[in-house]
Amino acid sequence: MNDQPLERDTRTLIVGAGPAGLAAAACLKERGVPFLVLEQSDRVGSAWRGHYDRLHLHTSRSMSSLPGYSMPRSYPRYPSRDQVVAYLEQYAARFGIEPHFNQRLVRAERADGRWVAHTTDRRYAADALVLATGYTRVPNVPVWPGMDVFAGQVLHSSEYRNGRPFAGQDVLVVGFGNSGGEIAVDLHEHGARPAVAVRGPVNVIPRDTLGISSLRWNLLLSRLPGKLGDLVAAPLVYAYVGNVYQHGLRKNRLGPIEQIKTEEQVPLIDVGTVKLIKSGALPVYPGLERFTAGGVVFSDGRQRAFDAVVLATGYRPDVGELIPEADETVAPGGAPAASGRELLPGLFVCGFYVSRTGMLREIGIEARRIADGISNQRGGVGAKT
């Protein structure tokens with residue numbers, strides 16, 4: 001790989017043209033710091049383009065804009081996937097960000113005090129490297145006994161588009177994160193008969209409370225210690241969600257705010273899932289034990305036939321796979337130990353922190369901090385381009 005041609009020697013190299021990469025680029029441009037952006041696909045926002053059709057932001061439009069350019073006022077309170085993609089395209093155009101497309105990072109390494117990034121067919125050298133490949137870079141696909149004999153379809157949520165192909169079918173959704181909860185609703189709306197397998201204890205919160213988004217409530221309550229914030233929020237959450245935990249779900253011992261802080265997992269933000277569970281239209285089962293030819297066996301011994309299984313089992317960042325030198329600074333699953341900061345000399349990471357006030361808002365905070373750090377290191381202007 002060392003015999004690849006050196007495409008460019010630059011001041012700052014940003015890997016990824018999603019929200020984090022674009023925000024970092026815009027903030028660097030504002031500070032007069034030269035940069036290049038690499039993107040493995042042929043368009044900006046590739047991860048967002050690949051999400052299922054029904055997806056909407058769980059953070060309100062007012063809390064989801066990137067630095068320097070607000071989402072259009074014509075957007076609804078919770079923008080759709082396609083609207084977010086359009087916004088990212090507008091954002092790149094507004095700041096004149098022109099990524100080098102079809103450049104997938106294979107490995108980056110430190111050499112002679114600088115960073116050398118190897119893509120599939122090029123090398124790039126830079127003083128600073130900003131890794132913005134995202135928390136959802138690699139689908140997490142568990143393996144259960146019997147999967148190879150199951151006659152139905154098994155697909156990860158990254159492959160799911162909408163419930164139309166599953167109309168009239170019994171479909172199991174494995175996982176109760178926000179993707180799993182919304183996919184279950186989508187399946188029901190398309191005429192499928194969904195069920196959900198939930199392995200561990202959970203928290204469920206409404207998307208809005210008293211006309212205020214739950215993530216804005218989290219921002220307000222984040223000034224309090226986590227347990228106290230949860231205590232204050234509990235009556236409001238119960239008033240809107242009720243006792244959904246009598247329908248097969250187990251309550252997390254941590255409150256929603258503490259769960260995000262401690263487990264780095266966002267609670268289920270209800271967009272219709274609770275209503276389906278309470279009505280009996282979405283049966284809740286415990287964790288999956290194994291597959292059979294015609295269905296699955298759950299951890300409590302119950303069996304049920306299914307035509308298809310959707311794995312809403314999340315993703316892995318796998319930062320260590322891209323930057324072996326950073327392997328000792330990442331947690332299991334490959335998430336960096338800190339996001340929005342300098343992980344190693346000249347190596348910055350953006351967009352890897354699960355925030356209780358929303359990922360896009362957090363990305364904006366991190367991008368500004370990173371741009372300040374890079375700008376202050378060498379004065380910002382007049383370096384290599």
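View 1. A disulfide is a pair of cysteine sulfur atoms within 2.5 Å. Cys-350 takes part in no disulfide, and a search of the whole structure finds zero disulfides. The model is predicted: local features need pLDDT of at least 70, side-chain atom pairs count only at pLDDT 80 or more, and totals for chains, interfaces and linings use all residues. Residues are numbered from 1 along each chain as its sequence is written, and side-chain values use heavy atoms, with hydrogens and water left out.

**View 2. Cys-27 is buried, with 2% relative accessibility.** Buried means under 20% relative accessible area, exposed over 50%, and partly exposed in between (1.4 Å probe, protein chains only). Cys-350 also counts as buried because its relative accessibility is 1%.

**View 3. The second largest pocket has a volume of about 240 Å³.** On a 1 Å grid over the protein atoms alone, a pocket is an open set of points with protein on both sides within 12 Å along at least five of seven lines; lining residues have an atom within 4 Å of a point. Grid points are joined across faces, edges and corners, and the volume is the space filled by probe spheres set on the points. The lining of this pocket comprises 18 residues, and those nearest its centre are Asn-203, Ala-234, Val-237, Lys-251 and Pro-256.

Notes
1 Å grid on protein atoms, 1.4 Å probe; cavity = no way out; pocket = protein on both sides within 12 Å on 5 of 7 lines; lining within 4 Å.
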